[in-house]
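This report looks at a few parts of one structure. Please view the sequence and the model before reading on.

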Amino acid sequence: MTISRRRLGKLAAATGLALAAPAVWTTGRAQNRPIRIGASFSMTGPLSSTKAGLVGLQLWRDDVNAAGGLLGRQVELVTYDDQSTVAQIPSIYSKLVDIDKVDILVSPYGAVLSAPVMPFIKQRGRFMAGMFALAGNDGVKSDRYFHSAPWGPDAKVNWARGFFEVGKAAGCKRIAVLNADVEFAKVSAAGGKTAAKELGQEVVFEQSYPPNTSDFSAILRNLRGATPDAVFVCSYPPDSSALIRGLSEVGIGDSVKLFGGAMVGPQYAATLQALGSSLNGIVNFNLFVPEPTMVTPAVTSFLDRYTAIAVPEKLDALGYYIPPFYYVAGQLIAAAVTATGSTESAAMATWLHANPVKTLVGTATFNELGDWTERRVLMTQFQGIKGNDIEQFRQAGRQVILDPPALKSGELAQPFLKARGA
Amino acid sequence: MTAKTSLMTAAPPPAAARAPEARTLVFCACALAVLALGAVLTQTIANPYVFFAAFIIVQQVALATGWNVLGGYAGYINFGATAFYGAGAYTGAFLLKAYGASIFLCLPAAALVGGGLGLLMGYMTLRVQGVYFAIATIALVVMMHTLVLNIDYLGGASGLALMPPEPPAWTGGQVQFVFLVMLGIAVLAVACARWIEISWVGRGFRALRASEEAAECAGVPTFRLKLSACAISGAILAMTGAPLVFYASFIEPETVFGLALALNAIAMPLIGGKKSWPGPIIGAVLLGSVQQAATITISSELNILLVGVVLIGFVAAAPDGILGLVDTLRKGRQ
């Protein structure tokens, strides 16, 4: 069989096209396929109250997609329920990376659930936005991990330092520390004691209690006997509520000028509504409150859209504590992807270490461990709370910011008993 | 004739004796084949997720088998499986933190701790049976949980993050290595359960389950058997927990001593059948696979509901589990 030169040329061209087509087609598909963001959420189990964060991330996805996506690609979320259980985390994150082929990871909620995934991201060299894991990267020291929450550097010691700064300004020298026997509370109590020592304050009373303690009358009476100036409380939602109720019933003594600090619970709408006016006078941490020094049109728009989704779905009605920071996580990812033009972990991490990012809650700059370089945990005091109407917590002046000074929106109401309306 | 001799020297007729020996050979061959298959899979499957998921399912097999020694064979319902599992997990974590110990040292150490704890529990609950024994086992979980919460060296409430040593190169990676170890533990647990079932020990356990008083009257050494059941079950459950820190690089008390794990340990033999060794395997593979699939496909609320409905269904319709149901159907056909 003979073949003409022209026919040979046509055959060669056709063969080349046939060989190249799959590569061209898959490259095209890869460029057009969505950017996949993978995360686990505690939709069930003891941490299920944190699932409101998913709405924050979904709102960010919708905003980005409405604006044309990232690098011209739509953003897609791939999420699983970790059931608030550590044992689920390794397999979920392996599935996200190895089966779902997500481009970027967002961590589970909190330090305990994040801990199993930290060695994984270090070994795989993956970029991860960290969600509320206090000092979550201090052990593994990944250079590709970035906190969305502004705990600040050396967070174990310093995250609640504002409480002691406010106390020092109010003349508090004798500190009592009360903490639940659970992870966050123990870490916070240890950090608080170090911060107090550094500010020249003396710890005169220390007490830990089992989780789910519901009667604090004996502890509060003992505490009153130590005549502290300030009581640093590290508690979880059920005991925070029980303690505040106990405070109203048993009292705390005239010596106390400051009470609170690291109580988890009074950040959530359900707890705020349940406790109502009994919160008055308490100084506690938060990450966002609707004070004039923090509110921007972007935050207001976000919260309006969040509320429209959260209320019918019976999620946290206010959404100040967790949802905005999932939106921030998305903003960090978007900034790094857009600036580097890729979803490559190393490039994104290098860029984020070197550049500030404007977020919903302020400008974030990161140190080598992915902590915000500036601590921006708020110490707020509940003032003028009347009854149990949840809408009052949307107004300015109800959670007055005392620290940090740059965001201060009011003065500490004292003495404590008067601030509580006693 | 003493109870011991009645249990130990009841020799079967020679013709019948050959069949169990042949079955034991087949069992050993199957066990080796399972281990070999596991090793081959680590070399041929590149996707690590398979081993992350398989680890959980194989762990369920070991957990169910360990629980079944006391709960199924001896009839002592144990809600405290997590006390032993947690003791093993924290033994592994302690040895890894203190001495950088290999997983192969952690396993026998965990078995010793679990066995000792089982002996202690068996001794302390000497006169307690039925629902009172079950309540006592819950107390053991609370005690272990509280103990760990108050030991700072073990991380207390905060948990403990540890980087395990590098796995042998031939295994292909940490998760593949830990999967193989867990597969070995499961095979060992099943072999142990099978030996109990076909030996005089199993006959003693069955006598305990039927009626402790009647067994005592017939000369069965009930106290020793109860202690043995507690110790063997405790040792297997603790060994099952030991690799956890090598798998997750992290350990914390809320998960390790959690109720979900304890309920799963009970549910799996109930679903599969608790009277013989294949029952817990069937229950664990079924429940473990369904749970893994449900976690990543449907919501976990439905997953938990699914487990509850399946459990209620089996308790109501097939109290002897899948194996019991198959037996009943077979007998009906005959």
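Which residues does Ala238(B) touch, not counting residues up to four places away in sequence?

The model is predicted. In it, Ala238(B) touches Phe84(B), Tyr85(B), Ala87(B), Gly88(B) and Thr91(B), and also Ala110(B), Ala111(B), Val113(B) and Gly114(B), with residues up to four places away in sequence left out.

Ala238(B) also belongs to the largest nonpolar core, which has 239 residues. Together with Phe55(B), Ala238(B) has the most contacts inside this core. Helix H3(B) gives the most to the core, with 17 residues. Domain 1 (32-155 + 297-364) and domain 2 (156-294 + 377-419) of chain A both give residues to the core, so it lies between them.

## Helices H3(B) and H10(B)

Helix H3 covers residues 48-73 of chain B, and helix H10 covers residues 222-241 of chain B. Their axes come within 9 Å and cross at roughly 170 degrees. Angles over 145 degrees count as roughly antiparallel, and H3(B) and H10(B) are therefore roughly antiparallel to each other.

The residues of H3(B) that meet H10(B) include Gln59(B), Leu63(B), Trp67(B) and Tyr73(B). On the side of H10(B), Ala229(B), Ile232(B) and Thr240(B) are among those in the contact. By class, this contact has 11 nonpolar, five polar and no charged residues.

## Pro269(B)

Pro269(B) is in helix H13 (residues 259-272) of chain B.

Leaving aside neighbours within four places in sequence, the contacts of Pro269(B) include Ala64(B), Trp67(B), Gly71(B) and Pro280(B). Ala81(B) is 188 residues from Pro269(B) in sequence and 13 Å from it in space, C-alpha to C-alpha.

Note on methods
Residues are numbered from 1 along each chain as its sequence is written. Chains are lettered from A and ligands numbered from 1 in the order in which they are written. This is a predicted model: local features need pLDDT of at least 70, side-chain atom pairs count only at pLDDT 80 or more; totals for chains, interfaces and linings use all residues. Axes are lines fitted to C-alpha atoms, for helices over the stretch in contact, and angles run from 0 to 180 degrees between N-to-C directions. Helices (H or I, at least four residues) and strands (E, at least two) are DSSP runs, numbered from the N terminus. Angles under 35 degrees count as roughly parallel, over 145 as roughly antiparallel, 65 to 115 as roughly perpendicular and the rest as oblique. Two residues are in contact if their C-beta atoms, placed from the backbone, lie within 7 Å. Ala, Val, Leu, Ile, Met, Phe, Trp, Tyr, Cys and Pro count as nonpolar, Asp, Glu, Lys and Arg as charged, and the others, Gly among them, as polar. A nonpolar core is a set of buried Ala, Val, Leu, Ile, Met, Phe, Trp, Tyr and Cys residues joined through C-beta atoms within 7 Å. A residue is buried if 20 or more other C-beta atoms lie within 10 Å of its own, exposed if 12 or fewer, and partly exposed in between; C-beta atoms are placed from the backbone. Domain bounds come from an automatic or database domain assignment.
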